[in-house]
Amino acid sequence: MTSDSLLRAFTLLLKRDLTLAMRHRAEMINPLLFFVLVTSLFPLGIGADPKLLQAVGPGVIWVAALLAALLSLEGIFRSDFEDGTLEQFLLSSHPVSVLVLAKILAHWLITGLPLLVISPLLGVLLGLPGDAIIILLVTLALGTPVLSLIGAVGVALTVGLRKGGMILSLLVLPLYVPLLIFAASAVDTAAAGLPVTAHLSLISALLVLSLSLSPLATAAALRISLS
Amino acid sequence: MTLNEFLHMGGYAFYVWSSYGLAMIVLLLNVILPLRQRKKLLNDIARTARRARRNTT
Amino acid sequence: MFRMFKDFFHKMASPRYFYDISGNMIPWLAAGCLALFLAGLYYGLVKAPPDYQQGDSYRIMFIHVPAAWMSMFIYVVMATAGAIGLIWHIKLAEVMAISSATIGAWFTFLALVTGSIWGKPMWGTWWVWDARLTSELILLFLYLGVIALYNAIDDKRTAARAVAILALVGVVNIPIIHYSVEWWNTLHQGPTVTKLDKPSIHLSMLIPLLLMALAFKLYYAFVVLMRARCEVLERERHTGWVRELAEKK
């Protein structure tokens, strides 16, 4: 097993997942629609006062992103689990954590990136100033991979369960709290015109931490779930 | 302090005693439940063993 | 001397030996716990004077603070036991991990509710998003996640290993969560000093606090052994020694 073949395995898996997702393009829309819908519900629920919306906007958008990510996460291993491909991954000579990373990357490209693209629109809907919308984009760019990475561990633990979806939320949402706090606060602070380097550094730290540890934990969890 | 003062807790009686009462309940519960579970388990295991023996004889 | 410890640990790995030894330890631990509780209650409720600012309501601290300490201590123990079970495949470590989960959850619940009750006369509301209470709330969710995952998986061994991973992920996250919530709290709470802080505590209040903390530790020790024995019986129910034990009763 050379590093060359590992790179090939990684890219092959990535391409495969992306191709499969492209064939079911309609399903890609769902998390996006959910994101927009949930965000739109808030003005309806709490009133359309612009100052209020601007105050809660960052938090609302980020919570909606969390929930949308959670919703889309379930599919990351499901179809592979059901047709036995997941077992093949575990039996292959490649380190499972690298294969897992390929799948997470594919998942993020399919579900996280669209959230990123539509978020400026949502920022406008809630009346966020331009500076804040830019920082919103940055926090989502750094944060949505973290959502996929942390979520993957939860999915790996629950992939074999019947009612996996319910437990997944319970397992993963508490782990999302620090990201939520730093990201929403960053957008808030940017809206006030203050510097956000501290916030972004902290979010980047979370990204690096989850990037290094999550594939390993996910691989271990997959091994356990499929034993 | 007198017994009355003790129970009164400077006016905070409700708060103090409900906290301590809740703690007592939680602590007792966590002792009683495993005890009962152990008895139940042993009974269950004994019953299964008896049934198994009856079926094989 | 070292041989004795080695033998002890080797024997402890056997469920049957553990069951017997723990059965002997429990009464002693319980007695010590009771003694410490009574001492702590006496010093806390009777001997310690009322607080200059909070009157007698501060006495809730003698329940709230040790409960919070235990909630975090037990999580670390649970994660450690889980890791040991995962790495060295020691059944007993797995048993200790899951036995600790429910107890830890109860302590977290107790810390939350007593914290809320203490807050009412102090802050005027039943709940405040105080940094530590919020962290405790998230800790409760982490515990409930462990319990839910364990109950959702049929095979006990697989369940124990899955839960070990979850606990390890949680234990890495706990300091991060604490820090982020504290940081969040200072942003949103302003300069209010939390009354749950004890920057410098008088000896007459420190003694009952430590007594209660020790009492809680001994309580955890004997209660976790009780739960662990149940777990052992469940896992080993098909072995000869368990069946003998059951039919003897």
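Tutor: Let's begin with a definition: a residue is buried if 20 or more other C-beta atoms, placed from the backbone, lie within 10 Å of its own, exposed if 12 or fewer do, and partly exposed in between. This is a predicted model, in which local features need pLDDT of at least 70 and side-chain atom pairs count only at pLDDT 80 or more, while totals for chains, interfaces and linings use all residues. Residues are numbered from 1 along each chain as its sequence is written, and chains are lettered from A and ligands numbered from 1 in the order in which they are written.

Student: Thanks! How much of chain B counts as buried?

Tutor: By that cut-off, 16% of the 57 residues of chain B are buried. Chain B has two helices and zero strands, where helices (H or I, at least four residues) and strands (E, at least two) are DSSP runs numbered from the N terminus.

Student: What makes chain B more spread out than a compact globule?

Tutor: Its radius of gyration, taken over C-alpha atoms, is set against a globule rule of 2.2 Å times the number of residues to the power 0.38. For 57 residues the rule gives 10 Å, but chain B has 23 Å, well over that, so chain B is more spread out than a compact globule. Along the principal axes, its C-alpha atoms fill a box of roughly 70 × 15 × 10 Å.

Student: Which pair of chains shares the most contacts?

Tutor: Of the two pairs in contact, that is chains B and C. Chain A and chain B do not touch, and their nearest C-alpha atoms are 24 Å apart.

Student: What makes a set of residues a nonpolar core?

Tutor: Its members are buried Ala, Val, Leu, Ile, Met, Phe, Trp, Tyr and Cys residues, joined through C-beta atoms within 7 Å. The largest such core here has 155 residues, and A65(A), A221(A) and A97(C) are among those with the most contacts inside it. Helix α7 (residues 203–235) of chain C gives the most to this core, with 17 residues.

Student: Which residues does A221(A) touch?

Tutor: Leaving out residues up to four places away in sequence, A221(A) touches V153(A), A156(A), L157(A), A162(C) and I165(C).

Notes: Contact = placed C-beta atoms within 7 Å.
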